[in-house]
Structure formats: C-alpha cells, structure tokens
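The sequence and structure come first.

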Amino acid sequence: MQTNILEYLDASADRVPDKIAFADEKTALTFAELRELTRRSGTYLARRIEPRSPVAVFMEKTPLCLAAFFSAVRAGCFYVPLDTKMPADRIRLIFDTLHPAFVLYDEKNAENARAVAGEAPSALFADAASAEPDGALLGRIARDHVDTDLLYVLFTSGSTGVPKGVTISHRSVIDWADWLHETLDLDGTAVFGNQAPFVFDNSTLDIYSTLKNGATMWIIPKKCFSFHKTMMQFLEAHAINTIFFVPSALIAIANSGILEHTRPATLKRVYFCGEVMPNRQLNVWRRALPEASFCNMYGPTEITDVCTYYLVDREFGDDEPLPIGFPCKNTRILLLNDENKPVGPGETGELCVLGTCLSGGYYNNPEQTRKAFVQNPLNTAFDERMYRTGDLARRNERGEILFLGRKDFQIKHQGCYRIELGEIETALLAQAGVSNGCCLFDAEKDEIVCVYTGAEDESALAAQLKTKLPSYMLPNRWVHLDRLPMTINDKIDRVTLKKSHIG
Ligand code: AMP
C-alpha cells in the first residue's frame with residue numbers, strides 16, 4: 001500500500017541504485033545518491049521544524065532543486081517551489097500567505113533568498129545536505145505520515161492579483177503517477193526531456209513518473225527552446241523518448257520548419273497540456289514522427305495536473321479542434337449548465353471535476369477555496385467536493401470532450417451573439433501565415449481583438465477567416481507582434497496582452 005511518494009524513490013533506489021534519476025548539463029543524480037541526499041537534508045530539516053510545515057525552495061531548476069523538494073518531504077513537510085526570477089514583491093505576497101517554516105536556497109540565489117526569507121529560518125541546501133542521516137528520526141516521521149498530508153503547494157497567478165497556493169496531497173500524486181504508468185505505459189524505459197518549470201504542475205508528470213518507475217529525466221536547457229537544432233541534438237544525445245511540453249513549445253518547433261528535415265528519431269511519446277494544441281502544428285509533428293503516440297491532456301493545477309486525456313487516434317484537418325478526450329480513471333467529469341444541471345448531448349457546460357485528484361483547496365485562503373471547491377450540486381445526501389474549473393466544454397458525437405475556452409472568454413458580442421473566443425482562435429491558428437496568436441475582447445468598445453505572430457497580412461487573414469467563421473465572429477482589430485509575451489510556464493500571457501492592447 002502506497003501512502004508516501006518517497007516510497008517510490010526508495011523502491012527505485014533499491015532496484016536501480018546506480019541509474020541516473022535526474023540530470024542536467026552539469027549534474028546527474030542516481031537514485032541512490034538522491035535517496036542519500038534526501039536522508040541527509042531531511043534529517044537537517046527534521047531537527048529544526050515540525051512535520052507538515054511548508055518549506056519554500058528558492059533554487060535554480062537543477063537536479064539538486066528536486067533533491068531539496070524531497071528532503072522537505074523526508075522531514076514530513078511539504079515543498080513550495082519559488083521561481084527565482086519572480087519579483088521580490090510577489091514572493092513577499094506568497095510568504096504573507098504561506099509563512100514558510102524554512103527556506104532552502106542555492107549559492108546563486110543566496111542573497112535574494114535571505115532577503116525575502118525575513119524571519120523564516122533558511123539554509124544553503126549544500127549545508128543541509130552535509131548533515132548525518134538519522135534513521136530513527138526519519139523512521140518516526142514516516143510512521144506518522146498519512147497519504148492526505150500535503151506533498152506540495154504551487155502558487156498560481158490568481159485573478160485578484162494575489163497568488164493562490166494550490167495544495168496537493170501525496171494521495172493525489174500517487175494516483176497520478178499510477179495512472180500514467182497504467183494508461184500511458186510509462187515505465188522504467190522512459191527517458192523524459194523535461195520542459196516544464198518546477199513551479200508549473202506539468203513538471204509533475206516527468207518528476208513522479210521518473211521516481212515511480214526508476215526512469216530518467218533530463219532537464220532540457222532553456223536555450224534549446226530558442227535554437228531548435230540544439231534541441232534536436234539534445235534529444236538525440238540523451239536518447240530522449242518522452243516529452244510533455246506546453247503546446248507553445250511544440251508550436252514553435254513545428255513553425256521553425258526543422259521537423260521537415262530533422263527527425264528526433266528517439267522520440268516515441270509526444271504529450272502536451274496547458275493550452276490549446278492546434279492541429280496544423282500537431283500535423284507537422286505527426287508527419288515527422290508517424291510511429292510516435294501523441295496525447296492531448298487537459299487539467300488545471302487544482303486537480304493534480306491532468307483530469308482528461310485524448311490519445312490521438314485518427315486524422316484531423318488543420319482547422320479541426322483536437323478533443324481533450326475522456327476522464328482519467330478515478331476521475332469524474334461533469335459538464336454543468338448555469339442552473340447546475342448536466343448539459344444535454346452537444347450542449348456547452350462548465351467542466352467540473354470530482355475525485356482523488358482534487359486539491360484540498362488554497363493554502364490559508366478559505367474564501368477563494370469556497371468559491372472554487374463546492375458541494376457537488378447533484379448530490380444532496382452527503383458531502384462531496386467538486387472543483388469548478390471555469391472552463392467551458394461540450395461532448396461531440398463520439399462522446400469525446402471538446403475544450404471551448406475559459407468561461408470568462410465567453411463573450412456577448414453585438415448584444416446578442418454568444419461567442420467562445422477559443423473558436424476564433426482555432427480558425428486563426430489553422431491559417432498558414434500565422435505562427436501563434438490569441439483573441440481578446442474589448443468589452444467597452446465591443447471589439448474582438450486578434451493578436452498574432454507570423455506573416456503580417458491582415459487583409460489576407462481576414463479574407464481567410466471569412467471563409468471559416470460567421471461575420472459576427474470576425475476580429476474587429478488586428479495586432480501583429482514579432483513575439484508574444486509568455487508566462488513563466490511558457491503559455492501565452494493574456495493578462496499582459498490585455499493590459500497592452502485593451503487597457
Ligand atoms: P494551469 O492551472 O496553469 O495548468 O492552467 C489550467 C488551464 O489551462 C485550464 O483550466 C485550461 O483553461 C487550460 N488548459 C489546460 N490544458 C489544456 C488543453 N489541453 N487544451 C486547452 N486548454 C487547456
């Protein structure tokens with residue numbers, strides 16, 4: 001019976017002690033080394049803080065950063081990754097909510113970490129890792145653990161401007177790692193090429209599949225996402241067979257044209273999640289890797305990364321939407337209308353989620369928790385929590401779920417037309433000249449604003465969209481950019497775009 005995610009680490013360290021677990025260009029940690037590091041620095045932390053306290057980790061994205069996460073867990077605590085590039089004010093906002101019991105940092109971030117830590121005790125991870133392991137102490141902590149204890153808290157942007165800390169338990173991540181193993185055949189032969197920052201929940205696929213299965217995860221250097229030839233060389237040099245990228249990263253590679261002459265031959269699985277994956281660019285990948293499996297996964301941080309998935313099993317035209325598919329095992333999806341009733345076939349509803357994958361809520365934020373995590377309105381007999389994603393979806397005639405956009409991207413245009421901006425985006429991204437883009441709504445002026453990169457030819461684009469969309473869905477304003485602003489998770493940064501182009 002699994003109750004602690006570290007049981008996966010310990011079992012892999014027993015089975016394949018000398019195999020590389022996590023590596024980047026400078027450091028490689030075997031499973032045995034990783035276990036030893038977590039026992040040392042876990043002991044250091046356990047002597048200083050109580051179990052079940054938050055440990056903030058202020059470190060570069062390296063294998064040692066992961067060792068710091070698992071050290072917190074070894075001490076019976078939970079980890080909170082911080083983006084080292086985040087402005088100090090935002091970290092202070094996070095700390096106001098989190099009140100970290102301890103801050104771990106690396107050499108590079110020592111000064112900033114100490115400055116933001118304030119009253120909280122802090123230490124260089126290397127110092128913590130020089131402690132002698134205390135097996136008896138760690139054993140007592142492990143025996144007191146239950147699987148509903150928190151594993152991590154990830155801070156997301158939050159519409160109020162105050163970051164919200166999504167709490168995730170061991171149980172939810174054990175379920176997630178087991179599901180990946182069972183459904184996607186992720187086993188010890190997997191070699192992951194990791195793109196997602198550790199502050200982004202997509203990274204949990206790579207990290208926890210590696211721990212569970214005794215696989216290997218390579219952190220792909222940032223430069224590879226700008227220089228695609230270097231990316232191809234990196235994938236090949238490390239025999240990477242599995243990637244789980246945010247669509248923007250896959251789109252950029254497809255747009256660069258490199259896949260037309262360079263085939264990343266070792267790649268067997270191309271998975272993605274986080275935003276819409278347009279079929280035009282997916283088709284470029286599929287032509288380059290006809291033997292590979294492709295999976296569109298969907299989910300917000302609040303449900304432990306992924307709650308629906310679609311293993312691409314048929315051909316799609318460039319302008320067709322790609323389904324987000326079916327609920328993962330042990331996850332129930334409800335599509336509810338404004339009256340909280342299940343929608344009929346083909347009707348649009350808010351995608352709501354139930355199951356073990358659900359977060360326990362936002363850390364120290366009961367108000368926001370109550371808004372998003374609610375009683376299942378279809379159950380009046382006992383307490384059953386449901387997460388409202390704020391996303392709109394419908395089922396197609398095959399029973400597959402289609403993502404339609406955020407509820408707040410559903411607009412009322414010209415007084416009467418209800419439009420999902422996502423639908424316009426699907427048509428936009430299918431156009432040959434467009435590299436990437438999105439649509440915004442200027443409610444004050446009642447204008448649909450289309451922001452895009454690629455060849456600058458608005459009249460040609462408008463003419464092409466006219467053949468795909470009704471006239472009331474056509475953008476009223478076009479903004480051509482050389483580059484789109486991206487969030488730290490490498491998704492299109494719509495908040496910044498809205499500020500710059502709508503105000
Ligand atoms: P995050 O919590 O940062 O992972 O963001 C979650 C949101 O990203 C979801 O609520 C969706 O709006 C969007 N999202 C995630 N996966 C997909 C997908 N496969 N297709 C379209 N949108 C997605």
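## Helices H2 and H7

Helix H2 (residues 31–46) packs against helix H7 (residues 135–143) at an angle of about 75 degrees, and their axes are 10 Å apart. H2 is therefore roughly perpendicular to H7, a term for angles of 65 to 115 degrees. Axes are lines fitted to C-alpha atoms, for helices over the stretch in contact, and angles run from 0 to 180 degrees between N-to-C directions. Helices (H or I, at least four residues) and strands (E, at least two) are DSSP runs, numbered from the N terminus.

On the H2 side, Arg39, Gly42, Thr43 and Ala46 meet Gly135, Leu137, Leu138 and Ile141 of H7; contact means heavy atoms within 4.5 Å. Sorted by class, this contact has 4 nonpolar, 3 polar and 1 charged residues. Ala, Val, Leu, Ile, Met, Phe, Trp, Tyr, Cys and Pro count as nonpolar, Asp, Glu, Lys and Arg as charged, and the others, Gly among them, as polar.

## Basis of the model

The model is predicted, with local features needing pLDDT of at least 70 and side-chain atom pairs pLDDT 80 or more, while totals for chains, interfaces and linings use all residues. Residues are numbered from 1 along each chain as its sequence is written, and side-chain values use heavy atoms, leaving out hydrogens and water.

## Helices H8 and H9

Helix H8 (residues 170–184) and helix H9 (residues 203–213) pack with their axes 9 Å apart, at an angle of about 80 degrees. The two are therefore roughly perpendicular to each other. H8 contributes Val173, Trp176, Ala177, Asp178, Leu180 and His181 to the contact, and H9 contributes Thr204, Leu205, Tyr208, Ser209, Lys212 and Asn213. The classes here are 6 nonpolar, 4 polar and 2 charged residues.

## Ligand surroundings

The ligand is surrounded by 17 residues (a heavy atom within 4 Å). The closest are Asn296, Met297, Thr301, Asp391 and Lys491. By class, the shell has 8 nonpolar, 4 polar and 5 charged residues. Its largest share, 3 residues, comes from S13.

An oxygen atom of the ligand lies 2.7 Å from an N or O atom in the Thr301 side chain. A ligand nitrogen atom is 3.0 Å from an N or O atom in the side chain of Asn296.

Definitions and conventions
Polar contact = N/O pair within 3.5 Å; in protein donor to acceptor, adjacent residues only side chain to side chain. Parallel < 35°, antiparallel > 145°, perpendicular 65-115°, else oblique.
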